[in-house]
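Student: Please take me through this model feature by feature, with the cut-offs stated as we go.

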Amino acid sequence: MAAREGKDNLSEEEAAAEIARLTSEINHHDIAYHQKDAPVISDAEYDALKSRLVELELAHPELIRPDSPSLRVGAPPAEGFAKVRHRVPMLSLGNAFSEEEVADFVTRIRRFLNLPDEPVEFTSEPKIDGLSLSLRYQTGKLIGAATRGDGHEGENVTANALTIKEIPNVLPLGVPDLFEIRGEVYMRHADFDALNAAQAVEGRKIFANPRNAAAGSLRQLDPKITASRPLRFFAYAWGEVSALPADTQAGVIAVLGEWGFEINPLMRICNSVDELLAHYRAIEAERANLGYDIDGVVYKVNRLDLQERLGFRSNTPRWAIAHKFPAEQATTVLEAIEIQVGRTGALSPVARLRPVTVGGVVVSNATLHNEDYIKGIGADGNPIREGRDLREGDTVRIYRAGDVIPKVLDVDLSKRPADSVPYEFPTICPACGSPAIREPGEAVRRCTGGLTCPAQVVERLKHFVSRAAMDIDGLGAKQIESFWNLGWVKEPADIFTLEARFGPEGSEPARLAKLDGWGEKSAVNLLRAIRNSAQPELGRFIFALGIRHVGETTARLLARSYGSWAAWRAAMEAAASDENERAQLLSIDGVGTVLADSVIAFFADAHNRGALDRLLIHMNPRTAEQPDIAGSPVAGKTIVFTGTLERMSRSEAKARAESLGARVSGSVSARTDLVIAGPGAGSKLRKAAELGLEVLSEDDWIALIGG
DNA sequence: GTGCCTCGAGTTCC
DNA sequence: CTCGAGGCAC
């Protein structure tokens with residue numbers, strides 16, 4: 001190994017010692033900076049430590065420690081923005097596109113809160129079409145600004161936010177110690193036009209719309225450029241806070257106005273669906289005169305205690321919804337219908353369109369969902385659009401669903417070419433030629449090729465490395481595609497043997513670095529990221545396996561229920577022949593027969609087991625983290641609710657129990673720890689008595705969990 | 001069996 | 001983002 005000394009001429013031992021020293025020093029400063037907010041060295045000194053570490057790691061990749069600060073999220077390379085984790089996620093809102101959906105939203109809330117008749121108060125305000133930003137104030141000073149990103153992790157744009165005039169750098173005395181304010185950065189029409197005119201004069205980029213201009217301006221690496229752009233900010237929400245200055249949505253927002261933020265003047269309080277809809281129509285009528293873009297109206301439950309009770313679904317709050325304006329439409333020609341094969345073998349038709357601008361974006365592809373959608377048939381077998389099947393050559397109306405996803409709305413039959421023929425959906429897989437079968441009652445036609453179908457295998461590999469699964473930096477769909485074509489990666493385990501294939505200890509220079517688009521640095525980074533991914537969260541790992549019916553949420557549910565990989569795998573393999581084990585799987589609230597059988601079949605398959613064995617040589621999924629259960633009286637217990645709950649709805653009770661670390665099951669068994677029975681409880685209560693289980697009334701339960 | 005409510009799997013463009 | 005379908009309550 002002497003030949004592999006770095007260009008700094010340090011020996012392996014010396015380099016290792018220095019890396020260890022740098023690591024501990026940087027960790028120390030990270031803590032000082034992030035947790036105590038009291039840096040003890042200058043940023044420049046800190047950066048010097050970091051770059052020395054990276055330099056050593058580049059020279060001695062074999063010495064990179066899995067806990068190296070250079071790998072840490074939030075400590076990125078100099079280019080681009082640092083990542084910031086949102087302590088309170090920045091979720092998106094559910095959407096309503098019709099008055100019925102708004103009425104459903106209100107009904108749902110009343111039902112959840114168990115207030116079928118009483119009015120619930122809502123705020124209603126325009127939905128600004130900009131980009132959301134979270135501003136963190138500590139003792140009244142702006143200490144950080146982050147974009148939404150994926151909702152959990154955004155980009156640190158503090159330096160840029162500081163240049164926006166409508167964002168105060170300091171709040172008045174007496175504000176809570178910690179206050180995260182959230183709102184929308186946007187650009188007014190007049191400012192946008194002036195900016196584009198100036199850009200044109202200078203021969204610079206013209207922005208397609210105010211939203212893009214605002215986004216582009218905020219994400220400038222040079223804050224001076226951001227400062228020169230006419231950005232504005234409306235405050236409308238908050239994230240992590242040490243105290244709240246009011247107990248209603250409208251009350252808190254009004255206080256934000258007193259603190260110096262711009263708040264939207266069109267916010268109103270509404271007491272009924274009719275009032276919400278009236279306000280929606282009023283805003284829609286004013287839309288063209290506002291001077292800035294909006295794309296709908298947002299309704300929120302006004303009382304914060306009710307918001308808290310309503311809580312969150314996996315990705316959206318239950319207490320708010322965005323009522324969207326109808327989407328812009330455009331007409332173009334459907335030039336061809338092509339078929340893509342997904343990881344489950346699903347054949348998905350995609351429309352190739354003559355490019356057309358819709359809502360400021362050029363669209364050339366659109367999803368067609370499935371066979372029936374092309375035929376114009378709905379799920380119930382009835383035509384959605386009588387006689388409106390889609391044919392190549394047709395003139396079609398398209399729109400962007402939610403202003404994002406292009407969709408075909410319908411056909412202009414008057415423009416249909418005389419020689420057009422109905423589209424024939426293929427019955428063999430275009431990727432491998434195997435028969436493509438449509439199960440009775442299903443909408444999707446699937447390739448039966450399984451592992452012999454190259455399209456399915458590649459898509460599964462892409463899924464394995466995808467963001468929500470293993471999330472390996474530098475290894476995305478494109479890289480998987482090229483490694484597959486080279487024959488380097490045929491199954492997940494191969495990802496972990498890439499290192500042996502092309503260095504750093506193999507051939508010199510690395511074979512990877514010779515490929516188009518790869519340099520030595522990116523190769524080293526990739527290998528490091530792969531090594532760094534060897535201990536994934538169990539839930540992510542289960543999701544990565546790509547078992548049918550097991551998505552992100554279910555994977556986490558399984559991880560939480562079984563705790564460790566070994567326990568889960570053993571249980572799933574046993575469940576094939578052990579009825580008790582299968583019953584235990586089915587007893588998990590949210591797991592039914594289809595899901596259970598899919599998982600059991602996955603583990604019964606010899607090829608899958610072999611691929612797992614090969615993969616697990618290289619990795620070790622982490623045992624699932626339990627929810628925050630400090631002081632929780634029900635942590636780790638299995639709970640069953642039965643009968644009618646009178647003080648909260650069943651879904652609310654379930655959500656509360658889970659947030660306290662309990663496992664909510666749908667059926668009573670010997671493994672049940674606690675049964676909460678309301679009036680009208682029947683068979684489950686009897687069974688609980690037979691088994692001698694602890695049974696609580698709803699009042700006891702509420703007392704137990706503390707209100 | 002029916003009617004929610006959620007989740008999974010597919011998709012676009014930048 | 002939408003659609004289809006799984007899971008569960010009624």
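This is a predicted model: local features need pLDDT of at least 70, side-chain atom pairs count only at pLDDT 80 or more; totals for chains, interfaces and linings use all residues.

Student: What share of chain A is buried?

Tutor: Buried means under 20% relative accessible area, exposed over 50%, and partly exposed in between (1.4 Å probe, protein chains only). Of the 707 residues in chain A, 45% are buried. For contacts (heavy atoms within 4.5 Å), take those in chain A with a separation of 6 or more: 66% of them come from residues 24 or more positions apart.

Student: How many helices and strands does chain A have?

Tutor: Helices (H or I, at least four residues) and strands (E, at least two) are DSSP runs, numbered from the N terminus. Chain A has 26 helices and 22 strands.

Student: What is the strand order in the open sheet of five strands?

Tutor: Strands of a sheet pair through backbone hydrogen bonds, either parallel or antiparallel. Here two strands pair if DSSP finds at least two bridges between them. The order is 2-11-10-3-9, with mixed pairing. Strand 2 (94-96) and strand 9 (268-270) are the edge strands, each pairing on one side only. From one strand to the next the twist averages 35 degrees. Axes are lines fitted to C-alpha atoms, for helices over the stretch in contact, and angles run from 0 to 180 degrees between N-to-C directions.

Student: How do strand 10 and strand 11 pair, and which helix lies across strand 11?

Tutor: Strand 10 (residues 294-301) is antiparallel to strand 11 (residues 320-324), with five bridges; Val298 stands opposite Ala322. Helix 3 (residues 99-113) lies across strand 2, strand 3 (122-128), strand 10 and strand 11, and runs at about 175 degrees to strand 11.

Student: Is Asn302 buried or exposed?

Tutor: Asn302 counts as buried because its relative accessibility is 2%. Asn302 sits in the loop between strand 10 and helix 10 (304-310). A polar atom of its side chain lies 2.9 Å from the backbone nitrogen of Ala250. Not counting residues up to four places away in sequence, Asn302 touches several residues, including Asp247, Thr248 and Ile269.

Student: What does strand 12 pair with?

Tutor: Strand 12 (residues 329-341) runs antiparallel to strand 15 (residues 395-401), joined by five bridges, and Thr331 has Arg397 as its bridge partner. Strand 12 also pairs in the antiparallel sense with strand 13 (residues 347-358), over seven bridges. In that hairpin, with five residues between the strands, Gly345 takes a positive phi near 90 degrees.

Student: Which residues come nearest to DNA strand C?

Tutor: A residue is near a strand if one of its heavy atoms lies within 4 Å of it. Of the 21 residues around DNA strand C, the nearest are Lys407, Glu442, Ala443, Gly590 and Gly592. Sugar and phosphate make up 100% of the DNA strand C atoms that come within 4 Å of the protein. Helix 22 gives the most to the surface near DNA strand C, with three residues.

Technical notes:
Residues are numbered from 1 along each chain as its sequence is written. Chains are lettered from A and ligands numbered from 1 in the order in which they are written. Side-chain values use heavy atoms; hydrogens and water are left out. A polar contact is a pair of N or O atoms within 3.5 Å; within protein, one must be able to donate a hydrogen and the other to accept it, and residues adjacent in sequence count only if both atoms are side-chain atoms.
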